[in-house]
Amino acid sequence: MPLPKAELHLHIEGTLEPELAFTLAHRNNITLPYTTVDELRAAYEFTDLQSFLNLYYALTDVLRTEADFTDLTRAYLTRAAAQGVRHAEIFFDPQAHTARGIPLDTVIGGITAALDTAQADHGISTHLIMCFLRDRPAAEAMDTLNAARPHLDRIIGVGLDSAEVGHPPNDFAQVFAAARDLGLRLVAHAGEEGPPDYIRQALDLGVERIDHGIRCLEDPDLVARLAAERTPLTVCPMSNVRLRAVDTMADHPLPALMDAGLLVTVNSDDPAYFGGYVDDNYRALAHHLHLTPEQLRTLARNSFEASFLPADRIKELT
Ligand code: HPA
Ligand code: ZN
């Protein structure tokens, strides 16, 4: 039985398995530039973050209707349950859809229809986090936040994702401040490919959790700050290897992050693209880095502690 855990870094668009991509393409009369599932899966060979994002955004084109988003989210929840997930904080990228003419209502309506039955179907509680695409203008992020106002009862927080280098958190200071004024929680991808200073900028914006964050190890003062503030890192080991932020799983800095006293969590990021779901990540770490059962239990406990669940619920789950 997989350890009960929370998943805190999961892009719902990154759970689009090739089989479902073909099903949705067929349903929506879209011709994919691949003829078979195997041919598509063979394209999942990445050299860096951008090479992955190119395919990730291209395949979102099959997501057109509310039912498509519901089916995508249901498929993730089914797999997550089998991997021991008891609570999931799920990212979505509204601009990846609104830029294609898909209404925000369709995206949020479709995803939340699946979230609404997750507790009953799988015993999984859920939160939804809306990410801004950092390689698009900050003004567009602000427009997205404003467009989401009617849906804020369904959104717990905002995040920042997409191509990192050259797009520092400071560019989004205004929209993050506005989100905070609306009562939203703040997270941001930082220190995946970008430098430690991007992590520092994210913290200075009031971000409560750093997504990835592995490059903090290059800056001891920053590590000390993250440890002192107990700022969680949502680390995604298989993603880091597949996007070549780390050479091999045996070289992954997760043990060093734990040894530095950081609140480390393990997550899957874009599991359909990176070869495994969240428990597969735990197992890869256990195998290649010889993590002890006690370390794995600590990681699972950290995942609940780092979540946006209320303290009494965290207590029940840990
Ligand atoms: N990094 C940045 N943007 C993303 C990622 C990621 O790992 N996955 C989906 N969008
Ligand atoms: Zn991510």
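Helix H15 (residues 278–289) has twelve residues. Its first and last C-alpha atoms are 16 Å apart, close to the 16 Å expected at 1.5 Å a residue. The model is predicted. Six positions of H15 are buried: Val278, Asp279, Asn281, Tyr282, Ala284 and Leu285. An α-helix has 3.6 residues a turn, so residues three or four places apart point the same way. The buried residues of H15 pack against both strands and helices. The strands are S1 (5–11), S2 (85–92) and S8 (264–266). The helices are H12 (237–242), H13 (254–259) and H16 (293–305). Just after H15, His290 adopts a positive phi of about 55 degrees.

The largest nonpolar core comprises 90 residues. Within this core, Phe92, Ile111 and Ile129 have the most contacts. Strand S3 (residues 125–133) supplies the largest share of the core, with six residues. Ile111 touches Ile12, Phe69, Thr73, Phe92 and Leu128, leaving aside residues up to four places away in sequence. In soluble globular proteins, nonpolar side chains tend to be buried together.

The protein chain contains 17 helices and eight strands. Its radius of gyration is 18 Å, close to the 20 Å given by the globule rule for 318 residues, so the chain is as compact as a globular protein of that length. The C-alpha trace spans about 50 × 40 × 40 Å along its principal axes. Buried residues account for 48% of the 318 residues. Of the contacts with a separation of 6 or more, 73% join residues 24 or more positions apart.

Terms used:
Residues are numbered from 1 along each chain as its sequence is written. Chains are lettered from A and ligands numbered from 1 in the order in which they are written. This is a predicted model: local features need pLDDT of at least 70, side-chain atom pairs count only at pLDDT 80 or more; totals for chains, interfaces and linings use all residues. A nonpolar core is a set of buried Ala, Val, Leu, Ile, Met, Phe, Trp, Tyr and Cys residues joined through C-beta atoms within 7 Å. A residue is buried if 20 or more other C-beta atoms lie within 10 Å of its own, exposed if 12 or fewer, and partly exposed in between; C-beta atoms are placed from the backbone. Helices (H or I, at least four residues) and strands (E, at least two) are DSSP runs, numbered from the N terminus. Two residues are in contact if their C-beta atoms, placed from the backbone, lie within 7 Å. The expected span of a helix is 1.5 Å times one less than its number of residues. The radius of gyration is taken over C-alpha atoms; the globule rule is 2.2 Å times the number of residues to the power 0.38.
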